[in-house]
Amino acid sequence: MASVPLGSSLPLQTLHLHSQQHKISDAISCAASTTSTPHNLSSKSTTSDGSLKPIVVIGDPPTFVSAPGRRIVAVGDLHGDLDKARYALQIAGVLSSDGQDLWIGGQTVLVQLGDVLDRGEDEIAILSLLRSLDIQAKADGGAVFQVNGNHETMNVEGDFRYVDSGAYDECADFLEHLEICNHNWEEAFVGWVGESKRWKEDRKMPQNNWGPWNLVKRQKGVIARSILLRPGGPLASELACHAVVLKVNDWVFCHGGLLPHHVEYGIERINREVSHWMKGLSREDDYPQIPFIATRGYDSVVWSRLYSRDASDLEDYQINQIQSIIRETLEAVGAKAMVVGHTPQATGVNCEFNCSIWRIDVGMSSGVLDSRPEVLEIRESGARAIRSKRDRYSELQVVDYT
């Protein structure tokens, strides 16, 4: 199969799946794949006429991305807080501030590091916003990619321990909205970010305080969430379009942390197995029922916190061991630095271990630390944190990788 360039010249294509009689359409970023060797992608940024070369996506779901000359911005854990998500995208310079949810990032590549789910009540609305922005970005020569985190995999497993009560309501509302749209997934899902506020306002009209009715309402939300997120469900199949590990140019992005044994196992294989599991396509003889190396255990890709530990709490020999692991991992995957989320950083976006690791989960959601949003900006010349519109660009963490 050939690699797929993304840009204004490429019409939006869809891959149609069927599950529980729902029509599910996957954007072209979900279907792109190739047998080309990732490390041989051209490093030249421009074509003969001086314009940027198109973005090329390799893998299904996307695993390797060549985005010559693009500005890259990375956003950490959002946990159901739509207001903070919008603010983070605005300070990243990719979302309009006029309330129209318009992409203004041009040819920027946006990477969101997972954990959109849990701890907040606007999870599907955030996923809808990111998908809408991806469609708009492609028309401008940019792109939006998402990486699944541990809370995405937990919910597909049916682990709802951290679900906000409002999120159950959103699931019930969205499932009803999907029915109104005649189960047209694209129409319902992409448009949900614009519809969700009205549904929420209607929901928060004077409530019936009769206990049994509230219990029925909660059960309805739990059932709706189970339908949407069980393997093969429409929202789980949407999440299946996203990678667990994503390499953009010579930067690697994952939620928890990539380790040498993950690379040895194969990051395309990891992404494919998790995607198949989420789509409900796994068979015992092909894939483990739940892809362990990616989603289970303290050293799995979505759960590892090895690189997020405070170096001041470590002994010199521990720091040397971690640096050795990082060096081996980055060399194996052909990257110069890694970006992770998962562990809230009280000091904000920061880098550690000679800035080979960037930690960008700042706990911005009101359900976590309710902190000020921050994002990471990556250019060909280096990387730095964007802390707020007022602060413009932080000069605390500026690293030149040239």
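Student: In which sense do β10 and strand β11 pair, and over how many bridges?
Tutor: In this predicted model, β10 and strand β11, which covers residues 337-340, pair in the parallel sense over three bridges.

Student: Which residue of β11 is the bridge partner of W251?
Tutor: The partner of W251 in β11 is A337.

Student: And how does strand β9 pair with β10?
Tutor: Strand β9, residues 245-248, pairs with β10 in the antiparallel sense, over four bridges.

Student: What lies between β9 and β10?
Tutor: The two strands form a hairpin with two residues between them. In that turn, N249 has a positive phi of about 55°.

Student: Are the faces of β10 covered or open?
Tutor: Both faces of β10 (residues 251-254) are covered. W251 and F253 are buried on one side, and V252 and C254 are buried on the other. For C254 the relative accessibility is 0%, so this cysteine counts as buried.

Student: Are D250 and K336 buried or partly exposed?
Tutor: D250 has 30% relative accessibility and therefore counts as partly exposed. K336, at 28%, also counts as partly exposed.

Student: How many salt bridges does the structure hold?
Tutor: The structure holds 19 salt bridges. One of them joins D118 and R225, whose closest N and O atoms are 3.7 Å apart. D118 belongs to the loop between β7 (109-112) and α3 (123-139), whereas R225 belongs to helix α7 (residues 211-229), so the pair links distant parts of the chain, 107 residues apart.

Student: Are D118 and R225 buried or exposed?
Tutor: Both D118 and R225 are buried.

Student: Why do E238 and R131 count as buried?
Tutor: The cut-off for buried is under 20% relative accessible area. E238 has 4% relative accessibility, so it counts as buried. R131 is buried because its relative accessible area is 6%.

Student: Which residues are linked in a network of salt bridges?
Tutor: R71, E377, R379 and R384 are linked in such a network.

Student: Changing topic, how many disulfides are there?
Tutor: The count comes to one disulfide. C351 and C355 form it, with their sulfur atoms 1.8 Å apart.

Student: Are C351 and C355 buried or exposed?
Tutor: C351, at 10% relative accessibility, counts as buried. C355 counts as buried at 13%.

Student: And where does C171 stand on accessibility?
Tutor: C171 has 0% relative accessibility, so it counts as buried.

Student: Now helix α10, why does its span agree with expectation?
Tutor: At 1.5 Å a residue, the 12 residues of helix α10 (residues 267-278) should span 16 Å, and the end C-alpha atoms are 17 Å apart, which agrees.

Student: Which residues of α10 are buried, and what follows the helix?
Tutor: The buried residues in α10 are I267, I270, N271, E273, V274, S275, W277 and M278. The helix is followed by G280, whose phi is positive, near 75°.

Student: How many cavities of 30 Å³ or more are there?
Tutor: The count comes to two cavities of 30 Å³ or more.

Student: What lines the second largest cavity?
Tutor: The lining of the second largest cavity includes Q112, G114, V116, L127 and Q146. V147, N148, E152, L239 and H242 also line this cavity.

Student: Last one: where does D101 lie?
Tutor: D101 lies in the loop between α2 (82-91) and β7. D101 is buried because its relative accessible area is 10%. D101 and L89 are 12 residues apart in sequence, and their C-alpha atoms are 9.9 Å apart in space.

Technical notes:
Residues are numbered from 1 along each chain as its sequence is written. This is a predicted model: local features need pLDDT of at least 70, side-chain atom pairs count only at pLDDT 80 or more; totals for chains, interfaces and linings use all residues. Side-chain values use heavy atoms; hydrogens and water are left out. Buried means under 20% relative accessible area, exposed over 50%, partly exposed in between (1.4 Å probe, protein chains only). Two strands pair if DSSP finds at least two bridges between them. The expected span of a helix is 1.5 Å times one less than its number of residues. A disulfide is a pair of cysteine sulfur atoms within 2.5 Å. A salt bridge is a side-chain nitrogen of Lys or Arg within 4 Å of a carboxyl oxygen of Asp or Glu. On a 1 Å grid over the protein atoms alone, a cavity is a set of points where a 1.4 Å probe fits but cannot get out, and a pocket is an open set with protein on both sides within 12 Å along at least five of seven lines; lining residues have an atom within 4 Å of a point. Grid points are joined across faces, edges and corners, and a volume is the space filled by probe spheres set on the points.
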